[in-house]
Amino acid sequence: MADCLTARDLNLGHVGRRSGGFTLAVENLHLDIAEHEFVVIVGPSGCGKTTFLEAVAGLVPVTSGTLELHGKQIKGPGPERSLVFQQASLYPWRTVLSNVLFGLQMQGRLTAKSRAHARDLLEVAGLGHVADKYPHELSGGMRQRANLARALATDPTLLLLDEPFSALDAQNRELLQDELLRIWQADEVSAKKTALFVTHDVNEAVLLADRVLVFSPSPAKVALELRIDAPRPRDAVWRRSAEFLAYGDTILEQLRIEALRHTPTPLARTHDDSDAPAPGAHGEVSDQERDDAGAVRLGSAAQ
Amino acid sequence: MLGLAGGLVVLVIWQAAAGFGLVDVTFSSSPIRTVRAGAHLFATGEIWSPLGATGYELLWGLGITFLLGIPIGLVLGRYKVLHDMTEPIVNVLYSVPYVMFLPIIIFWFGLDNVSRVIVIVWAGILPLIINITAGVRNLDTDYTRVATVFCTPRLKFFTNIALPATLPYILAGIRLAVGRGLVGAIVAELFLASNGLGYFVQNKTSNFDVDSAMAGIVLLAAVALLLNWAVRLIERRFTHWAGAK
């Protein structure tokens with residue numbers, strides 16, 4: 001299959017707001033994403049996975065290296081890419097329908113046909129009955145559906161998702177994950193899209209992905225690549241299967257190894273003291289612990 | 001309701017003071033005499049000319065204030081270099097009482113309508129610009145990120161995001177601009193007019209017709225309340241989403 005997205009020797013970073021120093025968030029990253037593939041990047045908070053996603057979206061400039069979409073270097077945002085934001089980020093003065101039409105309107109592609117497509121998307125996302133309501137009248141889950149519908153309305157070839165369900169409660173999250181799979185598979189108006197999904201939730205990764213990429217703590221590299229061989233459509237049975245849990249364990253194990261490797265003195269790790277061995281490392285380690293704890297808790301709940 | 005009662009108490013005391021001869025009605029008028037004078041002014045049609053003149057100035061003055069002030073505020077808020085360059089000037093112009101510039105404005109633009117409209121714009125536009133600039137600078141970063149991802153062109157950013165997102169600030173600025181613009185209009189008329197409500201009140205007072213002067217003031221208050229009410233109506237209609245994010 002042809003490659004949709006390619007990264008070679010990719011370096012990304014940002015200038016610290018207070019220090020003014022340059023921090024590398026992604027170092028020498030190599031990865032390929034095939035057409036129509038659903039790739040999930042898992043990593044601890046602050047590992048650089050979101051920075052990578054934002055670079056693909058064109059929000060963060062490439063420091064050095066190659067980041068190509070269909071063979072063309074990414075230099076900024078483009079209509080062939082859409083981002084589903086972590087916060088719903090809907091415009092409060094626009095109705096739900098008008099929010100979903102936003103991208104088309106900005107790109108001057110608002111036609112009767114694209115409008116009908118957006119209407120269909122709202123129906124598929126279960127928002128048909130609230131099309132004329134305002135975002136503040138919606139629940140958190142519904143706002144995220146609108147966020148997703150807005151991204152799909154411009155009919156992108158590459159759909160980027162930045163932890164879109166992390167702010168939802170556990171029940172809503174499961175519901176939305178299933179919805180996302182359903183929408184991604186059932187979007188008849190346009191072909192199945194390439195999707196790049198970033199999360200720190202291991203179960204979410206195994207549920208959604210064709211392929212999971214585990215990122216190491218900052219600066220990010222691909223620590224493990226895991227192909228999830230499970231037929232679609234995936235359902236609740238798959239979510240509870242032994243295979244599913246085994247995949248999850250493999251990822252968790254890798255995250256643990258990475259965390260240990262990036263801790264200068266592993267034995268002192270149980271102590272949450274303020275004398276961190278190296279500046280920066282302390283915060284990342286505690287993030288790692290929090291993530292692992294959260295993921296393990298979810299894992300045991302699924303059993 | 002309480003505000004209405006308070007106003008009523010003042011009117012009653014005023015009327016009583018005038019009725020018992022505590023104050024001389026020649027100088028202080030009374031509510032009843034004011035109402036009678038007002039009715040007379042409308043009956044003879046004497047009031048229409050000054051009212052029309054003031055309304056005409058306000059229409060032009062505030063119209064220009066909004067047409068210039070809103071885009072200037074939006075642009076200054078969006079581009080940091082422009083904002084940093086103009087901020088001291090705007091602050092100085094806002095802090096110095098514009099009345100100081102009246103003689104110069106008269107010197108430059110003469111004694112007719114142009115000068116009065118300029119005074120109104122001068123009085124009203126600065127608080128409007130300052131308010132809108134602050135609003136754009138406080139724009140939610142989520143709004144701009146969404147706009148960037150969906151490739152929003154620069155002009156569409158202003159009309160589709162900056163303008164609606166800062167509408168609460170714009171309307172607050174408009175309320176300030178209307179208030180200050182009204183003061184500007186009256187001050188300009190006191191200084192340099194042969195017509196308008198300000199001139200009318202001054203003229204009547206110099207002729208010891210305090211009843212008519214008071215009626216003019218009441219009319220002016222009514223105009224101010226009307227303008228304020230109109231802005232509040234627009235606020236309620238278009239910013240219902242604000243605060244309920």
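Guide: Leaving aside residues up to four places away in sequence, A:Q254 touches A:V214, A:A223 and A:L224, where contact means heavy atoms within 4.5 Å. This is a predicted model, in which local features need pLDDT of at least 70 and side-chain atom pairs count only at pLDDT 80 or more, whereas totals for chains, interfaces and linings use all residues. Residues are numbered from 1 along each chain as its sequence is written, chains are lettered from A and ligands numbered from 1 in the order in which they are written, and side-chain values use heavy atoms, with hydrogens and water left out.

A:Q254 lies in helix 9 (residues 242-261) of chain A; helices (H or I, at least four residues) and strands (E, at least two) are DSSP runs, numbered from the N terminus. A:Q254 counts as buried because its relative accessibility is 14%, given that buried means under 20% relative accessible area, exposed over 50% and partly exposed in between, with a 1.4 Å probe and protein chains only.

Elsewhere in chain A, strand 1 (residues 3-15) and strand 2 (residues 22-34) pair in the antiparallel sense over nine bridges, pairing being assigned if DSSP finds at least two bridges between two strands. A:L12 stands opposite A:V26 in strand 2 of chain A. Six residues lie between these strands in the hairpin that they form, and A:G20 in the turn has a positive phi of about 80 degrees.

Turning to the cysteines, A:C47 is buried, with a relative accessible area of 1%, and the structure holds zero disulfides over all chains, a disulfide being a pair of cysteine sulfur atoms within 2.5 Å. B:C151 is accordingly in no disulfide, and the nearest cysteine sulfur, that of A:C4, is 16 Å away. B:C151 is partly exposed, at a relative accessible area of 22%.

Chain B is divided into domain 1 (1-46) and domain 2 (47-238), with bounds from an automatic or database domain assignment. The domain centres, taken over C-alpha atoms, are separated by 31 Å, and the contact takes 14 residues from domain 1 of chain B and 14 residues from domain 2 of chain B. Between them the two domains of chain B bury about 1200 Å², 66% of it on carbon and sulfur atoms, buried area being the accessible area (1.4 Å probe) that two parts lose on being put together, summed over both. In domain 1 of chain B, the residues that lose the most area to domain 2 of chain B are B:L41, B:F42 and B:E46, together 44% of what that side buries.
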